[in-house]
Protein chains: 2
Amino acid sequence: MKKLFIPLLFAIIMIGCQQQNQSNNENLNSIKGSQAKTFKKQNSENRNLKPDGTAYTRTELDTMSHQELMALVHEVPNDTIATIGILLYEGYFMLDAMGPLSVLNSTPSAKKLLIGRDKGIVTSSSNVKIQVDYSIDDIDQLDMLVIPGGLVGTYKATKDEELLDWIKKIDQNSKYTVSVCTGAWILGAAGLLEGKEATTNWYKAEEKLSLYGAKYVKKRYTNDGKYWTSAGVSAGIDMSLALVDHILGRNYAESIALNLEYDPSPPFSGGHPDKTDPVINYFMERMYDAGLQPLIDSEK
Amino acid sequence: MKKLFIPLLFAIIMIGCQQQNQSNNENLNSIKGSQAKTFKKQNSENRNLKPDGTAYTRTELDTMSHQELMALVHEVPNDTIATIGILLYEGYFMLDAMGPLSVLNSTPSAKKLLIGRDKGIVTSSSNVKIQVDYSIDDIDQLDMLVIPGGLVGTYKATKDEELLDWIKKIDQNSKYTVSVCTGAWILGAAGLLEGKEATTNWYKAEEKLSLYGAKYVKKRYTNDGKYWTSAGVSAGIDMSLALVDHILGRNYAESIALNLEYDPSPPFSGGHPDKTDPVINYFMERMYDAGLQPLIDSEK
């Protein structure tokens, strides 16, 4: 569904609410805070209740102005994020970037930037050509930096000193430094995962992360302080929802999940070596090996 | 991970295998066919076994040539797909298109085309600018057409007679005509869902589909003959994996799921009105209403 609309409404109306209904918000939030505890262990249904603990009727919601409705769903954020940058480099894996963007795009107020290694058209490993308005030369500061993974392009990025220097610079003042999939290889190569817990794509996960002094944790996503990392590709969606939940609260995160109808139901069990036929695991490992080998050989 | 590599290997090596090892393949497939029945109800692990029913060891797999390995994982496809086109129009929702593309991109041999309503840069609702090499004027035939959804842009597309005519033309000779999310509104407006079972984004799903004579089924994805439709946004990934499973078989589909590490684990229950706080449901509905209302009003 149309994403621009949501941040716009959120941004405009939330800001309006925050200015005009601040005391009202505080009341609502303190009420919701105590309710949240009561209902936290239950299903997420019926979380936003009236002060007397009963559910709003449709008629009651219908009579609310936009401002009142926004005040009702508004939660005090844990943090403020003014800029979110997603790095695109030649050969990144498209869904590594576009999954998180689909989630993070709905965060209010924050400016979202697709930042190319170079300006112009950046081509993903699947040949999707995205026009970016910014290159790394244009950006000196971000509150959140997201680095997607890939295979050949990602390996090359781990050797790109100029890119790594830029990542280190951004990281110095970021509130969140985030990787998806093998994007963790790049964070690692920039020296940012030394001694940290992290996850990455299943392919040689432990071996790859230990190269950079990181401790691999076998999780869908994890964070060690401001460093958030996810497992392969689609795990970036789970991580991004967790990030929004952490930063802006459950109402916001749940709105986004509903916007994405993110109630996944894969047609078969799979998507992780533990759930995949061993021959298919082996086959994919060998494909990745074959993809990387020419690069590794060329370094000798 | 690098996608190009997979179709390339699959395409080149599979074709090689099919020519050179055809009788071998037939043997393997008839063996695997009977095994598949035996193991179908179990976890997908250990599906590809030796003819004697035992698992391959790592050493045995290591001694296999690429061709032998490909012959082992190859299954006789149900169908052949030479061209897959994903339609991009102004204001489409990015993940509606990019989720399925991430899956379908790995199908061997098939040429994948991003097709703009117009040539050049197509801008998604979240302001992602993709350069397309083809417009609808360039394409007369596709084996599979995928139509993403959105909100305002999608509603406008349902009124775009030239676009609808093109969709009808492509549908005449397609093997699969597919929609994601509110893309079903467009299929419906083209008259292609009349009397058919279909699903779509949760927002006014039944009301919207009944406008076009379709029967709404509350499923993550569904098909009625060659018409495959999915629920909102992320459901396009589930549907696309089911499509690959249907067309190319489980080994292929499982390889792609592993490539995407598609073993989703949302950080909280949600993503469907049945699993979302009622106030958040209401809030999102009202946001969508507010997005569409100016368009509906302008038609009066």
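Where in chain A is the place of A:Glu261? In this predicted model, A:Glu261 sits in the loop that runs between H11 and helix H12 (278–299) of chain A. Its phi is near 40°, which is a positive value in a residue other than glycine, and A:Glu261 counts as buried because it has 25 C-beta neighbours inside 10 Å.

On the side of H10(A), the contact is made by A:Leu241, A:Val244, A:Asp245 and A:Leu248, while H11(A) contributes A:Arg250, A:Tyr252, A:Ala253, A:Ile256 and A:Ala257. Sorted by class, this contact of H10(A) with H11(A) has seven nonpolar residues, two charged ones and no polar ones.

Chain A also holds an open sheet of seven strands, in the order E5-E2-E1-E6-E7-E11-E10, with mixed pairing. Its edge strands, each pairing on one side only, are strand E5 (134–135) and strand E10 (221–224) of chain A. Within the sheet, strand E1 (residues 83–88) and strand E2 (residues 111–116) of chain A pair in the parallel sense over six bridges, and A:Leu88 has A:Gly116 in E2(A) as its bridge partner. Helix H5 (residues 94–104) of chain A lies across E1, E2 and strand E6 (144–147) of chain A, and runs at about 165° to E1(A).

In chain B, the loop between helix H5 (94–104) and strand E2 (111–116) contains B:Ser109, a residue that is not a glycine but has a positive phi of about 70°. With 15 other C-beta atoms within 10 Å, B:Ser109 is partly exposed.

Technical notes: Residues are numbered from 1 along each chain as its sequence is written. Chains are lettered from A and ligands numbered from 1 in the order in which they are written. This is a predicted model: local features need pLDDT of at least 70, side-chain atom pairs count only at pLDDT 80 or more; totals for chains, interfaces and linings use all residues. Two residues are in contact if their C-beta atoms, placed from the backbone, lie within 7 Å. Helices (H or I, at least four residues) and strands (E, at least two) are DSSP runs, numbered from the N terminus. Ala, Val, Leu, Ile, Met, Phe, Trp, Tyr, Cys and Pro count as nonpolar, Asp, Glu, Lys and Arg as charged, and the others, Gly among them, as polar. Two strands pair if DSSP finds at least two bridges between them. Axes are lines fitted to C-alpha atoms, for helices over the stretch in contact, and angles run from 0 to 180 degrees between N-to-C directions. A residue is buried if 20 or more other C-beta atoms lie within 10 Å of its own, exposed if 12 or fewer, and partly exposed in between; C-beta atoms are placed from the backbone.
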